[in-house]
Amino acid sequence: MEEKEPKKIIGLMSGTSCDSIDAGLCIVHPDFSCELIKGINYKYPATIREKIFKAFSNELNIKELCQLNFEIGECFGNAANELIKEYGKPDFISSHGQTIYHYPFKETEENLSLTSTLQLGESSVISAKTGCLTISNFREADIAHGGQGAPLVCFADKQWFKNSAIQNIGGISNVTVVSDDCLPFGFDTGCGNIMIDYCMNKLYNMPYDKDGEIGASGTISEYWLNCLLEDEYYYNTPPKTTGREYFSPKYIENILKIAPPEKQDIIATLTALTAKTIAQAYERFVYPNAHINQVIVGGGGAYNKFLMKLLRNYLPKHIELKTHEDFGISNNYKEAMAFALLGYCTYYKIPNNVPSCTGADKSIVMGKITQP
Ligand SMILES: Nc1ncnc2c1ncn2[C@@H]1O[C@H](COP(=O)(O)OP(=O)(O)O)[C@@H](O)[C@H]1O
Ligand SMILES: [Mg+2]
């Protein structure tokens with residue numbers, strides 16, 4: 001096997017929130033450690049973001065979807081170029097892409113599997129715009145080998161942490177559990193910021209609840225919270241993943257029919273829902289299987305002070321609550337760093353899925369390589 005060397009990699013990621021393309025220039029070392037040199041949040045042009053949301057709600061035709069793949073590719077290339085302007089070309093780019101649809105369910109039609117996932121952001125466009133070799137399309141290989149294609153960040157978590165629950169709170173919330181007691185496992189705990197953002201938009205015309213200030217000014221409706229906690233997703237046993245397809249505008253409009261009357265109470269209760277579903281998921285699926293000392297939060301939700309305060313209250317006292325920043329990793333760029341590491345492995349043909357997390361039949365090398 002080729003002797004491994006440190007590589008300079010730009011990791012590109014855009015999550016379900018579509019708030020920005022997170023681009024992180026990293027150095028990944030042969031021991032799988034990763035340093036972030038510089039991260040940027042590159043905003044999508046407003047019309048592209050609107051188109052992505054239309055795609056989520058099935059309002060784009062096939063021509064528009066085809067075009068969107070190339071438009072997003074160009075945006076990802078532009079994001080990488082902002083870093084390249086300042087720091088020069090990396091050894092290669094590793095791009096997660098923009099998830100448009102994720103269907104992890106084991107269903108068949110004519111004996112053919114319907115399990116599938118779609119990330120847009122054409123890698124040939126990224127590579128042409130930047131002149132860099134580009135690695136992309138990670139999830140497909142895991143699905144092709146019987147997995148759910150998610151969660152993938154577990155691979156990085158198991159290299160970087162010990163005896164912890166690593167909790168990402170993006171649009172959706174997902175956890176990786178790394179413990180000496182068992183193989184790593186991970187699953188989506190449920191909604192993250194998705195419903196908070198939707199309601200902030202609808203009720204306040206703001207994109208999100210900055211620092212959790214509005215939530216903190218409201219009162220949690222125990223009645224509504226308990227109704228929301230009854231959703232069957234929270235009871236399903238892992239491995240399980242979810243997305244915008246489930247916590248859809250239709251879902252949210254439906255639950256709003258029985259919401260408390262005050263706007264700030266709605267935001268407070270939805271924030272409590274995110275915190276409570278995380279705490280309950282640990283009680284149901286983590287503590288009985290694995291000893292952990294700490295919970296390490298990342299993603300934009302780590303900046304919501306009200307959410308963090310509630311999570312602290314809902315977790316057992318002996319568990320420490322930290323953020324990635326306590327480990328010198330930016331909450332904003334952790335996932336971009338994780339995809340830089342996954343790309344490093346693709347480059348060196350090192351298996352980079354975690355079958356105990358995704359349910360795949362075996363360890364395989366995920367990711368497709370596009371030459372510049
Ligand atoms: N300062 C903040 N206060 C409260 N919420 C925040 C803050 N910064 C980011 N967020 C939340 O985090 C979300 C983005 O998180 P991110 O980890 O990028 O998610 P995704 O992976 O889904 O894109 C925003 O939509 C917002 O809800
Ligand atoms: Mg984001």
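**Ground rules.** Since this is a predicted model, local features need pLDDT of at least 70 and side-chain atom pairs count only at pLDDT 80 or more, while totals for chains, interfaces and linings use all residues. Residues are numbered from 1 along each chain as its sequence is written, chains are lettered from A and ligands numbered from 1 in the order in which they are written, and side-chain values use heavy atoms, with hydrogens and water left out.

**Ligand 1.** I began with its surroundings and found 18 residues around ligand 1, counting a residue if one of its heavy atoms lies within 4 Å. The closest are S17, G171, D197, D211 and G300. I sorted the shell into two nonpolar, ten polar and six charged residues; here Ala, Val, Leu, Ile, Met, Phe, Trp, Tyr, Cys and Pro count as nonpolar, Asp, Glu, Lys and Arg as charged, and the others, Gly among them, as polar.

Next I looked up distances from oxygen atoms of ligand 1. An N or O atom in the side chain of D197 is 2.6 Å from one, and for the side chain of D19 the distance is 3.0 Å. G300 uses a backbone N or O atom, at 2.9 Å. Taken alone, ligand 1 exposes 570 Å², and the protein buries 90% of that (Shrake-Rupley method, 1.4 Å probe).

**Helix 3.** Helices here are DSSP runs (H or I, at least four residues), as are strands (E, at least two), numbered from the N terminus. In helix 3, residues 123–130, I noted S123, V125, I126, S127 and T130 as buried; buried means under 20% relative accessible area, exposed over 50%, partly exposed in between (1.4 Å probe, protein chains only). Those buried residues pack against several elements, including helix 2 (62–87) and strand 4 (92–103), with contact meaning heavy atoms within 4.5 Å. Just after helix 3, G131 has a positive phi of about 75°.

**Cysteines.** How many disulfides does the structure hold? I found zero, taking a disulfide as a pair of cysteine sulfur atoms within 2.5 Å. For C34, the nearest cysteine sulfur is that of C26, 3.9 Å away. For C357, that of C154 is 3.1 Å away. C357 is buried, at 1% relative accessibility.

I noted a cis peptide bond from A150 to P151, with omega near -10°. Another cis bond runs from P238 to P239, with omega near 5°. N58 has a positive phi near 65° and is exposed, at 70% relative accessible area. N163 also has a positive phi, about 40°, but is buried at 13%.

Definitions and conventions. A polar contact is a pair of N or O atoms within 3.5 Å; within protein, one must be able to donate a hydrogen and the other to accept it, and residues adjacent in sequence count only if both atoms are side-chain atoms.
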